[in-house]
Amino acid sequence: MAAAQPPKTPAFSPEEIRADVGFLADDLLEGRDAGTRGYDIAAHYVAARFAALGLTQAVKGDWLQPVTLAVADLDKNAPAAFIIGGRRFTNEGDVMIGAIGRETRQTLEAQAVFVGYGLQSAREKIDDYAGLDLRGKIAVALSGAPGGMPSEVAAHLAAEKAVAAQQAGAIGLISIPSPSLLARRPWERLKQAAGGPTVSWIDSDGKPYVRTPEIRIGGYVHGPAAEALLAGSGRTLARIYAQASKKGGRPRGFALKPLVKIERTSIVTTAQSSNVIAILPGSDPALAHEYVLLMAHLDHLGVKPDARGDDKIHNGAMDNASGVATMMAVAKAFAENGDRPRRSILFAAVTAEEDGLLGAQYLAKHPVLPAGGKLVGVINLDMPVLTYDFQDMVAFGAEHSTLGPIVAQAAQAQGIALSPDPLPAEGLFTRSDHYRFVQEGVPSIFLMTGFAGPGKEAFEAFLATHYHQPSDQADLPIHWDAAAKFARVNHAIARAIANGDEAPRWFKGDFFGDAFAPEAPKAVRERK
């Protein structure tokens with residue numbers, strides 16, 4: 001009898017990754033905006049690739065998981081406004097107000113309360129609402145979090161402000177940009193970034209899904225509008241900013257005197273989109289019901305008529321055709337290697353990340369696993385910057401669960417070191433799709449190329465020049481051998497997780513494990 005052949009080492013083709021990025025970032029797909037024909041073409045392309053690899057459909061009879069999007073735009077014939085103490089501030093001046101999908105015509109008035117940063121966490125012994133009466137009122141909070149907090153905890157608490165306000169009984173949340181935010185993104189840039197529609201997915205009740213349905217008033221105020229809120233309180237915006245600018249500075253809350261009224265009319269339409277999902281069944285009967293998710297968002301920003309210059313198409317080559325191409329290269333390596341991992345692997349190209357992590361949230365809330373299936377870990381690939389031969393990688397979230405040591409060992413075996421978060425002020429851990437699974441209690445990581453060697457200069461140059469711009473195209477000086485290396489490392493990481501004797505576990509005492517999976521078994525963190 002011939003000896004069993006060892007599994008062949010997967011090959012990762014720079015040319016194939018280049019071809020995938022080139023197709024997904026082509027002008028013909030018009031920027032792959034969720035709910036458009038260009039996105040649908042991209043989705044069917046990924047589905048065809050999954051089918052060609054012989055993977056299994058996750059949705060019965062289809063590669064696509066339908067996601068109905070609600071798209072809310074402000075009625076331009078009825079300008080949205082805040083009326084603060086009788087003074088009217090129209091949208092896109094000193095206030096920013098978005099559309100709302102659940103109430104098409106809205107006129108609401110209430111008292112307001114300044115709540116500092118608006119953070120609340122019993123575990124961290126933080127309660128900016130202590131001693132304040134928010135019932136039926138509007139919370140007014142500085143954006144972000146005070147300096148000195150662990151970056152990922154701070155990003156999470158900042159992202160949960162509407163939840164904290166709702167729990168306190170508020171009906172609204174108005175944000176004042178903090179000094180640190182304005183230093184990174186001046187008010188004019190913030191207004192430009194906030195000009196699009198508000199998008200959500202349609203829930204089983206036929207309404208747009210929101211985590212905080214009681215928060216009916218929202219927006220940003222700046223300059224004169226913020227000063228109008230503070231009128232008669234004895235405080236000024238300059239004084240609050242001075243307090244916030246101190247290390248660990250935490251302005252305290254107080255009641256505001258002016259009544260605040262919001263007027264807005266929203267026009268809501270629906271659009272059909274989809275997540276593209278496939279399964280590689282596991283080989284171990286005892287573990288095949290456990291799933292590792294490898295995901296990347298397929299959408300980008302589409303066509304922006306108001307973009308500067310002649311090119312209006314935001315092709316999204318790096319954000320995130322590169323992540324999708326990496327995910328497909330890893331899927332091919334698993335499918336063709338002939339040595340299936342012990343656990344099953346779920347591959348997903350998800351929609352509407354750019355609209356608020358919506359496709360990932362829909363998948364997290366509407367799992368497609370077979371009966372008895374359990375999702376045990378998530379690897380998210382979002383915007384690996386591949387214009388240089390990276391020497392390290394950043395695994396956001398690695399320190400929170402046993403995924404960290406697994407990822408570090410697998411990467412090291414490929415000659416790649418893991419580095420800490422180089423951009424803590426950006427709060428990236430809460431800003432990509434894996435976070436929707438963290439919120440469901442699943443250990444998750446988000447992988448990107450690192451800052452070692454030429455990385456910092458290349459990454460920052462991309463962010464400054466090409467991020468969310470029409471110039472994010474396949475003709476960037478992409479290092480295609482580095483793209484193949486990124487796929488190879490991610491394959492090794494996914495294989496290590498899928499073959500582990502134990503499923504990933506949150507570390508005992510970790511903030512996110514305590515917050516979202518308090519009853520799940522925990523691991524003891526090894527001290528170095």
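Begin by selecting residues 14-24, helix α1, and residues 37-52, helix α2, which pack at an angle of about 155° with their axes 10 Å apart; helices here are DSSP runs of H or I with at least four residues, strands are runs of E with at least two, and both are numbered from the N terminus. The axes are lines fitted to C-alpha atoms over the stretch in contact, and angles run from 0 to 180 degrees between N-to-C directions. The angle makes α1 roughly antiparallel to α2, since angles over 145 degrees count as roughly antiparallel, under 35 as roughly parallel, 65 to 115 as roughly perpendicular and the rest as oblique.

This is a predicted model, in which local features need pLDDT of at least 70 and side-chain atom pairs count only at pLDDT 80 or more, while totals for chains, interfaces and linings use all residues. Residues are numbered from 1 along each chain as its sequence is written, and side-chain values use heavy atoms, with hydrogens and water left out.

Next, show the side chains at the helix contact (heavy atoms within 4.5 Å): A19, D20, F23 and L24 in α1 meet I41, A42, Y45 and R49 in α2. By class, this contact of α1 with α2 has six nonpolar, no polar and two charged residues, where Ala, Val, Leu, Ile, Met, Phe, Trp, Tyr, Cys and Pro count as nonpolar, Asp, Glu, Lys and Arg as charged, and the others, Gly among them, as polar.

Now turn to the salt bridges, of which the whole structure holds 20; each is a side-chain nitrogen of Lys or Arg within 4 Å of a carboxyl oxygen of Asp or Glu. Select R88, K261 and E263, which are linked in a network of salt bridges; within it, the side chains of E263 and K261 meet at 3.7 Å, N to O. E263 is partly exposed at 23% relative accessibility, and K261 is partly exposed at 25% (buried means under 20% relative accessible area, exposed over 50%, partly exposed in between, with a 1.4 Å probe and protein chains only).

Move on to R342 and D501, a salt bridge whose closest N and O atoms are 2.9 Å apart. R342 lies in the loop between α9 and β19, and D501 in the loop between α14 and α15, 159 residues apart. R342 is partly exposed at 25%, whereas D501 is exposed at 67%.

Finish at D389 and K485, whose side chains meet in a salt bridge at 2.7 Å, N to O. D389 lies in the loop between β20 and β21 and K485 in helix α14, so the pair ties together parts that are 96 residues apart in sequence. Here D389 is partly exposed at 37%, while K485 is buried at 15%.
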